[in-house]
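The sequence and the structure are shown below.

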Amino acid sequence: MPSPGKLPGPESTAGRPLPPTARNVSPIVPRSTISGRALIVVVAIMTFLASITTGAVLLVRASAAEWQSDISSEMTIQVRPAQGRDLERDVRAVVEALRVTPGILDVRAFSDQESGRLLEPWLGTGLSLNDLPVPRVIVARVAPGGAVGMSDLRERLAQVAPSASVDDHRAWIERMRTMTNATVFAGLGVLALVIMATVISVSFATRGAMAANRPIVEVLHFVGAGDRYIANRFLRHFLRLGLEGGLIGVGAAVLLFGFAESIGGWFSGTPVGDQFAALLGTFSLRPSGYLVLVAQAMLIAIITAWSSRQTLLATLADVD
């Protein structure tokens, strides 16, 4: 029995001290609140949008790099029919000139039928191209990293076949590079907007949590608890919420990319699937891409905790 005039304190129950693990079990910020669950949903949505944007940028960059590699490894020569010249002889002369050019590995001349089939996507099938001046196409494969003197090559081909024209696809490569850079900058802009929206949402959530727990925070503040001590408790709380929301968002994005890859596999080999693969590439991310998405989710969680801490420090500065 406790002595008269002395009530059992928080450190004892029936004269026995409480075990250390039973102390300080109540956090300053409640772990399960409506605002906390709402913030998890907001962070999950923001992380999902950021993951979709980042994944799309990675897919576009991978497809553009593959396109540029394929295009830069080849050059196309067209030999147009000219009055008073033998087209077949000009084609053979161009092929021989290309084969002795340093940096060119292989040369292939398309036949009349193959050159005509290249026009079918525009002119359709079943047309007689005998009366049309269809040029003959020659494809030369360039050695990886090899440098071909284009000015000398054009002069040499002009001597053997005046109607020959060379296209090294530099214009297409520059357009692809410009498109890729524009896509990357657009993705970075969307990520910046997502991060700004996340910071604003966390700031409002922190002020709401501060208002709901203001009596406790003020008592801790006035009994000597430092601002950093209180802010670190909020940081842990919002870091946990950010991690939960980030993992939910990135998990949904990974499932979406996996589903898109499965859909692409189902349509592989069909005309629709081949067209999408030619234009957009596959929808499969590399393992490094998934690591980037996970790292991005962790970054959003850290930003969530940091913004809550900064907001709380600014709020505590106004407490007298």
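## A buried arginine

A residue is called buried when its relative accessible area is under 20%, and exposed when that value is over 50%. The model discussed here is predicted. R309, which belongs to helix α10 (residues 287-316), has a relative accessibility of 15% and therefore counts as buried.

A231 lies 78 residues from R309 along the chain, yet the C-alpha atoms of the two are separated by 5.4 Å.

## Overall composition

The chain comprises ten helices and six strands. Of its 320 residues, 33% are buried. Considering contacts between residues at least 6 apart in sequence, 85% join residues that are at least 24 apart.

## The four-stranded sheet

Four strands, in the order β4-β5-β3-β6, make up an open sheet with antiparallel pairing. In general, the strands of a sheet pair through backbone hydrogen bonds, in either a parallel or an antiparallel manner.

The individual pairings can be followed across the sheet. β4 and β5 run antiparallel and are joined by five bridges; here A109 stands opposite I138 of β5. Six bridges connect β3 with β5, again in the antiparallel sense, and M75 has A140 in β5 as its bridge partner. Between β3 (residues 74-79) and β6, also antiparallel, there are four bridges, and Q78 stands opposite S165 in β6.

## Packing on the sheet

Helix α2 (residues 87-99) packs on this sheet and touches β3, β4, β5 (136-142) and β6. The direction of α2 makes about 5° with that of β5. How many of the seven residues of β5 are buried? Six of them are, so β5 is largely enclosed by the rest of the structure.

## Aromatic surroundings

No aromatic pairs are present in the structure. A charged side chain does, however, lie over a ring: R108 is placed over the face of F110, at 4.4 Å from the ring centre.

## Confidence of the model

The mean pLDDT of the chain is 76, and 76% of the residues score at least 70. Among the elements of the chain, α2 has the highest mean pLDDT, at 87, whereas strand β1 (residues 12-13) has the lowest, at 42.

Two stretches fall below 50. Over residues 1-15 the pLDDT stays under 50, and the model shows nine contacts beyond four places in sequence for this stretch. Residues 20-26 likewise have a pLDDT below 50, with two contacts in the model beyond near neighbours in sequence.

Technical notes:
Residues are numbered from 1 along each chain as its sequence is written. This is a predicted model: local features need pLDDT of at least 70, side-chain atom pairs count only at pLDDT 80 or more; totals for chains, interfaces and linings use all residues. Side-chain values use heavy atoms; hydrogens and water are left out. Two strands pair if DSSP finds at least two bridges between them. Helices (H or I, at least four residues) and strands (E, at least two) are DSSP runs, numbered from the N terminus. Contact means heavy atoms within 4.5 Å. Axes are lines fitted to C-alpha atoms, for helices over the stretch in contact, and angles run from 0 to 180 degrees between N-to-C directions. pLDDT is the predictor's confidence in each residue, from 0 to 100. Rings of Phe, Tyr and Trp (its six-membered ring) pair if their centres lie within 6.5 Å; planes under 30 degrees apart count as stacked, over 60 as edge-to-face and the rest as tilted. A charge sits over a ring if NZ of Lys or CZ of Arg is within 6 Å of the ring centre and within 35 degrees of the ring normal. Buried means under 20% relative accessible area, exposed over 50%, partly exposed in between (1.4 Å probe, protein chains only).
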